[in-house]
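Have the structure open and follow along.

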Amino acid sequence: MSKPATIDFATARTQAPVQTQALRDLVAGEARDSLLAIHEVLRRELPQGPLAIYEAGGGSSSFLPMDVLGRSHVTVVDIDEDQIRNNAYAQEAILGDVQTYRFGPDTFDIVICYNVIEHLPDVAVALLNFRDALKRGGMILIGAPNPRSLSGVVTKYSPHWFHVWFYRNIRGIKTAGRPGEAPFPTVFHPLVTLSKLEAFAAANGLDTIYRREVESPRYPEMRQRKPLVAALVDIGAAVLNAVLPRGTDVRRGDYHVILRKR
């Protein structure tokens, strides 16, 4: 199978500043704290000098720290042309499927896969592609929803129109569901479950060097925007936590993990 053509959107990006809006938009909470901790890990573990970054599924802004972006050549692959067009920080934007698009070995220092694997029908193939494209000692940063959390279960078993309604009416994102705009349909392949993801990674030459389950940022967002709705959801979550095994917190709807290639 031939590779999809590279789409040149350089002209559209020439006047666009490097974006960090994705991080700025995160309300104070566990998810933001974890990303800031990840920044420190990346600063410590990434090699000095120029970096090659592969962003598997590229939105309009990056979660990476500015000092890392500033010395990086970023390649984005996304199946959605609108997402590619909206990207303002990558040097190379490729319209393609991260499950099938392949780069040569030893190409990248880090692969970023943030809020993507829950949308993929074949997470295993994608992860192996990422691993093969990494240099030895390179890393994969994954951010994903926890399918066993309250928000994960609701997302998995509710129709897509409900996700769009939630984004527009609870999160206040009026463009939600339009071309190139979240939310996107979810699949929740079994490997999205963190324990299964880590086991698969370990069996395929990838070691976990960072792992944190965090309260979904949707909770602090709701507490700010819709306090009554948030209070009801918090009560429901507390009831579920009381009847589930000790230590369970169904509000921990997201996780971050960094895998390193042996």
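## The largest nonpolar core

In this predicted model, the largest nonpolar core has 34 residues, and the ones touching the most other members are Tyr 54, Ile 117, Phe 130, Ile 142 and Tyr 255. At least two residues of this core come from each of β2, β5, α6 (123–133), β6 (134–145), α9 and β8 (254–261). The top contributor is α6, which gives six residues. As a bit of background, nonpolar side chains in soluble globular proteins tend to be buried together.

Setting aside neighbours within four places in sequence, Ile 117 is in contact with Val 123, Ile 142, Ala 144, Val 192, Leu 197 and Tyr 255. There's also another core lying apart from the largest one: it has 26 residues, including Leu 69, Ile 84, Ala 90 and Leu 141.

## Strand β2, covered on both sides

Now for β2, which runs over residues 51–56 and has six of its six residues buried. On one face sit Leu 51, Ile 53 and Glu 55, and on the other Ala 52, Tyr 54 and Ala 56; every one of these is buried.

Which strands does β2 pair with? One is β3 (residues 72–78), in the parallel sense over six bridges, with Tyr 54 standing opposite Thr 75. Another is β5 (residues 108–114), again parallel, this time over three bridges. In that pairing, Ile 53 has Ile 110 as its bridge partner.

## The second largest pocket

The second largest pocket holds about 290 Å³ of space. Its lining is made up of 15 residues, and those nearest the centre are Asn 146, Arg 148, Glu 213, Asp 249 and Arg 252. By type, the lining splits into four nonpolar, six polar and five charged residues.

## Asn 86, at the end of α5

Is Asn 86 buried or partly exposed? Its relative accessibility is 33%, so Asn 86 counts as partly exposed. This residue belongs to helix α5 (residues 81–86). Leaving out residues up to four places away in sequence, Asn 86 touches Ser 60, Gly 180 and Glu 181. Gly 138, on the other hand, is 52 residues from Asn 86 in sequence and 27 Å away in space, C-alpha to C-alpha.

Definitions and conventions
Residues are numbered from 1 along each chain as its sequence is written. This is a predicted model: local features need pLDDT of at least 70, side-chain atom pairs count only at pLDDT 80 or more; totals for chains, interfaces and linings use all residues. Side-chain values use heavy atoms; hydrogens and water are left out. On a 1 Å grid over the protein atoms alone, a cavity is a set of points where a 1.4 Å probe fits but cannot get out, and a pocket is an open set with protein on both sides within 12 Å along at least five of seven lines; lining residues have an atom within 4 Å of a point. Grid points are joined across faces, edges and corners, and a volume is the space filled by probe spheres set on the points. Ala, Val, Leu, Ile, Met, Phe, Trp, Tyr, Cys and Pro count as nonpolar, Asp, Glu, Lys and Arg as charged, and the others, Gly among them, as polar. Helices (H or I, at least four residues) and strands (E, at least two) are DSSP runs, numbered from the N terminus. Buried means under 20% relative accessible area, exposed over 50%, partly exposed in between (1.4 Å probe, protein chains only). Contact means heavy atoms within 4.5 Å. Two strands pair if DSSP finds at least two bridges between them. A nonpolar core is a set of buried Ala, Val, Leu, Ile, Met, Phe, Trp, Tyr and Cys residues joined through side-chain atoms within 4.5 Å.
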